[in-house]
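Visitor: Please take a close look at a single part of this structure, and then connect that part to its surroundings.

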Amino acid sequence: MKVLLLTTHINVGGIGIYTVNLAGYLQKAGADVTVVSGGGELESILSKEGVRHIKMDILTKSEFGIKVWKTLPAFARLVKDGDFDLVHAQTRVAQVLASLSRRLTGVPFITTCHGFFRFKRFGRRIFPLWGDRVIAISRNVKAHLIHDFTVPEEIVRLVYSGIEVERFTDRTSPGDAGLRRDLGLVPGGVTIGSVGRFSPVKGYSFLIKAFREVMAAFPDASLLLVGRGPEKEMLGRLAAGLGISDNVFFAEGRKAPLEEYLALMDVFCLPSLAEGLGLSLMEAMASGCACVASDVGGLSELIVSGEDGILVPPRAPERLAAAVTRLLKDPGLRRTFSGRCREKARRDFSIRDSAARTMAVYREVTASRRGRHAEGDMPQG
């Protein structure tokens, strides 16, 4: 099967990592995969996996903007000349481009819904363009599609995103002392950490406020935030204003593999205000971190609060601080959660299983298309 994965970019982040991981494992499963994107930091990973990548100028948030229309003729030629069986779009811009291309080529497309959208947005109401099937990455996202956007339930398929489980579960040693020293973490103290983009929806301002309360019980604690994003300077100023900047550390994650950073964390926190699923939480759970997360979206599907982690309301720094402090004071509970999280990750988080389920959706669509062709009914978009 020839599959074209289409996304605006392949930078570090949920959609970029999803696309690159999926492409690699689909290729290993026997699919002929091409990725088309506006480029990004993860291009080298595609190259290592032997996945063809074609860069097109679609790095935009304007769904019907000039870049979409300028790219359409070349993209449609690529789809037609490449004899692709389907296009799998990952972002709204990709969704629009895939839909327009289908009208020119007849090649079907599907989309993955990675999170929650503003359902009153004019473009989505007038031009839904969801495709032949829509993959929802969590139960909450599926409900959002059906109830807020009235996407027909019969075309929505629930396929949880996956991670490279073994990369994280196979690591059992403590964090590297050299990396800890390079980052400047407080010697001998506990470390609370998180991984993600520094943007408002991730709720890191609430984590920093909570950390000030944690320091009342653990004055030698460190808060390690791994990532990049537009809020970094604001978060730094917030920490300084609270008088805790000497204990708050930012890292872009380039000095070492992600699993090395996770190995430094005694407690992992994801204080998101909204989250489609939460790949970073899945990776932390696979690494054996004791985890605290907001009770929102897909995060509430990953953790069973009190059994393998703790869920707290979003925007509630005092509740977040209490949960973190509880775990820091109880090493036995941390070990219990660690073991249960690793077991859950091995059982439920595999990218291989996710890719296999995605391939099943592809077969569903292509089988339907072959049936229509046999009847002489060419799809019209």
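Guide: Thr191 is buried, with a relative accessible area of 0%, where buried means under 20% relative accessible area, exposed over 50%, and partly exposed in between, for a 1.4 Å probe and protein chains only. This is a predicted model, in which local features need pLDDT of at least 70 and side-chain atom pairs count only at pLDDT 80 or more, while totals for chains, interfaces and linings use all residues. Residues are numbered from 1 along each chain as its sequence is written, and side-chain values use heavy atoms, with hydrogens and water left out.

Thr191 belongs to strand S8, residues 191-195; helices (H or I, at least four residues) and strands (E, at least two) are DSSP runs, numbered from the N terminus. Its side chain makes a polar contact of 3.1 Å with the side chain of Arg180, a polar contact being a pair of N or O atoms within 3.5 Å, of which, within protein, one must be able to donate a hydrogen and the other to accept it, and for which residues adjacent in sequence count only if both atoms are side-chain atoms. Leaving aside residues up to four places away in sequence, Thr191 touches Arg180, Leu185, Ser222, Leu224, Leu264, Met265, Asp266 and Val267, where contact means heavy atoms within 4.5 Å.

In H10 (residues 232-241) the buried residues are Leu235, Leu238 and Ala239. They lie on the same side of H10 because they cover an arc of only 95 degrees around the axis, the arc being that of the directions from the helix axis to the C-beta atoms. The face turned away from that buried side carries the exposed residues Glu233, Arg237 and Gly241. After H10 comes Gly243, which has a positive phi, near 75 degrees.
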